[in-house]
Amino acid sequence: MSAIELPTDQGTWAQVVLREPRRWEEHQPYVSRVAFAAAHVVADPLGDNTPGAPAAVDWESTLAFRRELFRYGLGVAEAMDTAQRNMGLDWPAVQELVRRSAEQARSFGARIASGAGTDHRPGAADLDEVVAAYEEQVGFVESTGSQVIVMASRQLAAVASGTDDYRRVYDAVLGQVAEPVILHWLGEVFDPHLAGYWGSTDLPTATEAFLDLVRDHAAKVDGVKVSLLSAEHERGLRAALPASVRLYTGDDFNYPELIRGDSQHHSDALLGAFAAIAPAASAALAALDDGDLSTYDAEMAATLPLSRHVFSAPTFYYKTGIAFLAWLNGHQPGFTMLGGLQSARSIVHLARIFALANDARLLVDPGFAAHRMRLWLEASGAVS
């Protein structure tokens, strides 16, 4: 198959000519930047993954996908929002996922950091219960040997009345961690339940509260992972951080310029987008290690249209596009997701993902991907 007809948002069909697959080089971890890919979870196609059901995970495919990320020198950010935290991945499955993934990372000598939150106690009614929930998950993640990512908490956002309440909770959590952690600031575009995080809907006020916390606990904070989709805000924040604290960009719209940095500062990476563009991200970061900025720019620029489409509004459904692309590339047996989330994007949206991945030469086997795409379109009733 040399071309495929795909539906467009104009109600028409367009021919997409398949590009030749590119041979991507494997790589070891990078020298100039620390880079994590936030990985998705593969659902068991025979499991009861209806909304509200316990997560049924295809463990073989899920772990194999992480090995694919390791091949390209990326660490794995485990059990994060990309893995459907608060959207289908329950606490028993989180524990099994982190345990298995941490063991695999050790065997590969790869870096792993895993999310610890409060989502296993959805009814937490006060700050003490939120602290206890955090401490339980942090303790579990530490027990696996994984670095801890302290995730933003829906439960804290629901019970906190201002910046002082956030400070009380995070002081308690950071006071008991064994090793430096990554603090996670996830914006409301990724999760509307997190509006006004850090105690204020005024961004400068929230940012100052966040910075005060980081400055006071700098010895316990490896870095901060910020997903607000504002390059301007990220540049200002990273310049204000203590010198020892990294900023891990979570900006899936502007990551090339933020990782590249300026004459004084740069961002490291902890990105869901890297799960979709791992080979190209690897090529870009390898060029950056070599000081080849023109190649870095070219490699990253080719991925941006795909990433921006995958993360387009409503952004919190980006996981569907990540899983769809993994299926097209043969990394999972079917296009099914926990909680039935495969239905969260339209046929036209997913067809555009195929076209953009083809443009970026990120289809491992374009003919195979086109075959799967055609089968899925036909099964969906979409025929030209």
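## Helices 2 and 3

In this predicted model, the axes of helix 2 (residues 91-108) and helix 3 (residues 127-143) come within 10 Å and cross at roughly 25°, which makes helix 2 roughly parallel to helix 3 (angles under 35 degrees count as roughly parallel, over 145 as roughly antiparallel, 65 to 115 as roughly perpendicular and the rest as oblique). Trp91, Gln95, Val98 and Arg99 of helix 2 make the contact with Glu136, Gln137 and Phe140 of helix 3, where contact means heavy atoms within 4.5 Å. By class, the contact of helix 2 with helix 3 has 3 nonpolar, 2 polar and 2 charged residues; Ala, Val, Leu, Ile, Met, Phe, Trp, Tyr, Cys and Pro count as nonpolar, Asp, Glu, Lys and Arg as charged, and the others, Gly among them, as polar.

## Conventions

Residues are numbered from 1 along each chain as its sequence is written. Because the model is predicted, local features need pLDDT of at least 70 and side-chain atom pairs count only at pLDDT 80 or more, while totals for chains, interfaces and linings use all residues, and side-chain values use heavy atoms, with hydrogens and water left out.

Helices are DSSP runs (H or I, at least four residues), numbered from the N terminus; their axes are lines fitted to C-alpha atoms over the stretch in contact, with angles from 0 to 180 degrees between N-to-C directions.

## Helix 14 and its partners

Helix 14 (residues 347-359) packs with helix 15 (residues 366-379) at an angle of about 170°, the axes lying 11 Å apart, and helix 14 is therefore roughly antiparallel to helix 15. On the helix 14 side, Ile347, Leu350, Ala351 and Phe354 meet Ala369, Ala370, Met373, Trp376 and Leu377 of helix 15, and this contact comprises 9 nonpolar residues, no polar and no charged.

With helix 13 (residues 318-328), the axis of helix 14 comes within 10 Å and crosses at roughly 55°, so that helix 13 is oblique to helix 14. Here Leu350, Ile353, Phe354 and Ala357 of helix 14 meet Thr320, Gly321, Phe324, Leu325 and Leu328 of helix 13, a contact with 7 nonpolar, 2 polar and no charged residues.

## The buried side of helix 11

In helix 11 (residues 293-301), the buried residues are Tyr296, Glu299 and Met300, buried meaning under 20% relative accessible area with a 1.4 Å probe and protein chains only. These residues cover an arc of only 95° around the axis, which puts them on the same side of helix 11, the arc being that of the directions from the helix axis to the C-beta atoms. The buried residues of helix 11 pack against helix 8 (255-260), helix 9 (273-276), helix 10 (278-289) and helix 12 (304-310).

Notes:
Helices (H or I, at least four residues) and strands (E, at least two) are DSSP runs, numbered from the N terminus. Buried means under 20% relative accessible area, exposed over 50%, partly exposed in between (1.4 Å probe, protein chains only).
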